[in-house]
Amino acid sequence: MLLRGTEDMESENIYRQELVKKYRAIMGNLFRYIPWLEEKSGVKMVQNYQGDNMPGNSVPIPVYDSTLLGFVKEMQGTGLMNRNYVYTFSRYGIRTEQDERDHIQRVELKEIEVVIDIMAKYVLGGMTKGILWSRAVENGIFLLGLKKIKELLEVWDEPLA
């Protein structure tokens with residue numbers, strides 16, 4: 001019986017190592033945005049274009065920070081942005097921004113997809129409602145999500161730069 005328990009622990013360690021390796025390869029470059037996200041947390045990230053020749057009755061044109069757009073583009077490029085993130089929200093009873101923060105803070109490595117799905121809400125939703133990208137920076141969801149992913153990967157492997 002003791003031998004069986006050892007095999008289970010070993011296979012779980014292998015699973016965790018593979019998970020860490022996978023997410024480290026995919027998400028590793030995104031951690032460089034953490035200092036920028038810390039600096040911009042709570043700051044309004046979208047401005048409306050105020051051109052000289054813009055008529056007063058025209059539709060305002062949002063202008064986004066180039067670093068924010070770069071971050072969003074890299075997040076989209078990870079291949080992890082799950083269009084079915086709403087099912088994760090339903091399964092875990094996530095309804096508010098505070099629920100999102102609470103779930104991010106208590107997630108463990110095996111549930112790392114929950115963090116990514118919460119971030120996907122803002123990345124994918126921002127494609128039609130650009131204000132979501134700005135909101136995720138302002139309310140700290142992108143920052144909290146990246147920090148949690150980095151923390152989870154460091155716990156099971158050597159520290160990340």
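**Close-up views of the helix packing**

View 1. The model is predicted, so local features need a pLDDT of at least 70 and side-chain atom pairs count only at pLDDT 80 or more, whereas totals for chains, interfaces and linings use all residues. Residues are numbered from 1 along each chain as its sequence is written, and side-chain values use heavy atoms, with hydrogens and water left out. The crossing of α5 past α8 is left-handed, a term for a near helix turned anticlockwise from the far one by less than a right angle, with clockwise giving right-handed. On the α5 side the contact (heavy atoms within 4.5 Å) is made by Glu97, Glu100, Arg101, Ile104 and Gln105, which meet Ile141, Leu144, Gly145 and Lys148 in α8. Sorted by class, the residues of this contact are three nonpolar, two polar and four charged, where Ala, Val, Leu, Ile, Met, Phe, Trp, Tyr, Cys and Pro count as nonpolar, Asp, Glu, Lys and Arg as charged, and the others, Gly among them, as polar.

**View 2. Helix α5, residues 97-106, has buried residues at Glu100, His103 and Ile104.** These residues cover an arc of only 100 degrees around the axis, which puts them on the same side of α5; the arc is that of the directions from the helix axis to the C-beta atoms. An α-helix has 3.6 residues a turn, so residues three or four places apart point the same way. The buried residues of α5 pack against α4 (85-92), α6 (112-125) and α8 (141-155).

**View 3. Glu100 is seen within helix α5.** With a relative accessibility of 1%, Glu100 counts as buried, since buried means under 20% relative accessible area, exposed means over 50%, and partly exposed lies in between (1.4 Å probe, protein chains only). When its neighbours within four places in sequence are left aside, Glu100 is in contact with Phe89, Ile94, Ile118, Lys121, Tyr122 and Ile141. Glu100 and Leu144 are 44 residues apart along the chain, and their C-alpha atoms are separated by 9.8 Å.

**View 4. Helices α6 and α8 are roughly antiparallel to each other.** Their axes lie 10 Å apart and the helices pack at an angle of about 155 degrees, with α6 passing α8 in a left-handed crossing. From α6, the residues Ile112, Val115, Ile116, Ile118, Met119, Tyr122 and Val123 meet Ile141, Phe142, Gly145, Leu146, Lys148, Ile149, Leu152 and Leu153 in α8. This contact has 13 nonpolar, one polar and one charged residues.

**View 5. Leu30 lies in the loop between α1 (2-27) and α2 (34-40).** Leu30 counts as buried because its relative accessibility is 2%. Once neighbours within four places in sequence are set aside, the contacts of Leu30 are with Phe71, Glu74, Met75, Thr78 and Leu146. Of these, Met75 is 45 residues away from Leu30 in sequence, while the C-alpha to C-alpha separation in space is 7.7 Å.

**View 6. Gly70 lies in helix α3, residues 66-77.** Its relative accessibility is 21%, so Gly70 counts as partly exposed.

**View 7. Helix α7, residues 131-138, leads on to Gly140, and the whole chain is shown for context.** In α7, the buried residues are Leu132, Trp133, Ser134, Ala136 and Val137, and just after this helix Gly140 takes a positive phi of about 80 degrees. The chain has eight helices and two strands, these being DSSP runs numbered from the N terminus (H or I, at least four residues, for helices; E, at least two, for strands). Along the sequence they follow the pattern α-α-β-β-α-α-α-α-α-α. Of the 161 residues in the chain, 39% are buried.

Key. Axes are lines fitted to C-alpha atoms, for helices over the stretch in contact, and angles run from 0 to 180 degrees between N-to-C directions. Angles under 35 degrees count as roughly parallel, over 145 as roughly antiparallel, 65 to 115 as roughly perpendicular and the rest as oblique.
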